Amino acid sequence: MSRDILDAAVQTGKAIVRMNARLQPVFTLRHLAYLTDCDYGLLRAIVGRSIQNPYRVFRIHKRPSPDGQERYRTICAPDPQLLTVQRWLATNVLNHAASSIHSASKAFAPGCTLLHAAEPHCGAKWLIKVDVQNFFESVSEIAAYRVFRALGYQALVAFEFARLCTRLGNSTLRRSHPQWLRDPWRCYEIAAYDHSLGRIGHLPQGAPTSPMLANIAMHAADEVLHALAMSFRLTYTRYADDLIFSTTDPGFTRELASSVVRSVYSILGKYGFSPNVAKTQIVPPRARKVVLGLLVDEPSPRLPREFREKIRMHLYYIKKDGVGPAHHAARRGFTAVASLRNVLYGLAAFATQIEPQYGASIRKELDSVTWPT
């Protein structure tokens, strides 16, 4: 290797470390393949989009819509080697980019919890809730490239990182918009990276890199949304795709709330996001205040009645003579008793975060159950 190449690599590494001393320098795609012990040819093929879909795509049920219509979430599970690379990028790069995340963001960052997202809205008189539609899928490979480039990585490496963290997906009406189409006259210097589909990739839901990339890509929008909130004397937080605004001001009005909603829609559109209009809520005084599934009508967040009733129902049946864990798991659609057990212990752990004493009592009851092997 020539001295010039070594000097260039040293300078590149220093530039990355100057941006953030905890970032892992990566000089080439082959270097990344070495660091992750993955096949270089496979990574190059994924970057070049010659592997059409290195993801296993499936749908899972979501909570039905208010009119009873079934809804689904599309999950993209990466190829095992791609998953290894994405996990490496999440751990060694994106997890050290906390300064690129706005303080209003309360998800997908170290120390962030659902409780921290709900706490700022406790005691609110008014709540405004706006949901971002197709949150991850709204972040393009261009936005992902800009994230890595801003962290100090060279243009080619940032481009390759962005391609490894995005997928083309299906051609849809939304994807026909100019922002999702590549300039047909533009040619890549590396011919293997020039694909003929003419489309731009997006973050897949299910990739370990997507949450942090989406968070960082939202920073500019968060800045404007925070400024909007300040102008109306509102508190603003975002938990992934859930935007929450609140105020304790009894003089706030529905007209002001409607004005805020219109402004939020406009801001989201400016940054390439779309609101899920059907899920927008304006919650006035005397109405039940729920943020991210937690009650915020008192000084600290509480678990809602529905959560407690759900736990009570499960405990009743798994301890009831003639039913027990196995029959209850089958009746509730679980594929195995272990799945039911994991879900219930997960709910107990979540309850412990919100109401420690109640969560501990649930776990004690679960520990007393005779679980079949």
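This report looks at one helix, the nonpolar cores and the salt bridges of a predicted model.

## Ground rules

Local features here need pLDDT of at least 70 and side-chain atom pairs count only at pLDDT 80 or more, while totals for chains, interfaces and linings use all residues. Numbering runs from 1 along each chain as its sequence is written, and side-chain values use heavy atoms, with hydrogens and water left out.

## Helix α14

Let's start with α14, which covers residues 356-367. Helices are DSSP runs of H or I with at least four residues, numbered from the N terminus. From first C-alpha to last, the 12 residues of α14 reach 16 Å, close to the expected 16 Å; that expectation is 1.5 Å times one less than the number of residues.

Which residues of α14 are buried? They are Tyr358, Gly359, Ile362 and Leu366, where buried means under 20% relative accessible area, exposed means over 50%, and partly exposed is in between (1.4 Å probe, protein chains only). Looking down the axis of α14, these buried residues fall within an arc of 100 degrees, so they line one face of the helix; the arc is taken over directions from the helix axis to the C-beta atoms. An α-helix has 3.6 residues a turn, so residues three or four places apart point the same way. On the face turned away from the buried side of α14 sit the exposed Pro356, Gln357 and Lys364. The cover over the buried residues includes α11 (305-319) and α13 (337-354), with contact meaning heavy atoms within 4.5 Å.

## Nonpolar cores

A nonpolar core is a set of buried Ala, Val, Leu, Ile, Met, Phe, Trp, Tyr and Cys residues joined through side-chain atoms within 4.5 Å. The largest one has 63 residues, and Leu32 is among the members that touch the most others. Leaving aside residues up to four places away in sequence, Leu32 touches Val26, Val85, Trp88, Leu89, Phe161 and Leu164. There's also a second, separate core of 29 residues, including Val283 and Leu344.

## Salt bridges

The structure has 10 salt bridges, each a side-chain nitrogen of Lys or Arg within 4 Å of a carboxyl oxygen of Asp or Glu. Arg302 pairs with Asp297 (3.0 Å, N to O) and also with Glu298 (3.4 Å, N to O).

Glu365 is partly exposed at 34%, and Lys319 is partly exposed at 42%. Elsewhere, shared partners join Arg49, Glu141 and Arg163 into one salt-bridge network.

Terms used: Helices (H or I, at least four residues) and strands (E, at least two) are DSSP runs, numbered from the N terminus.
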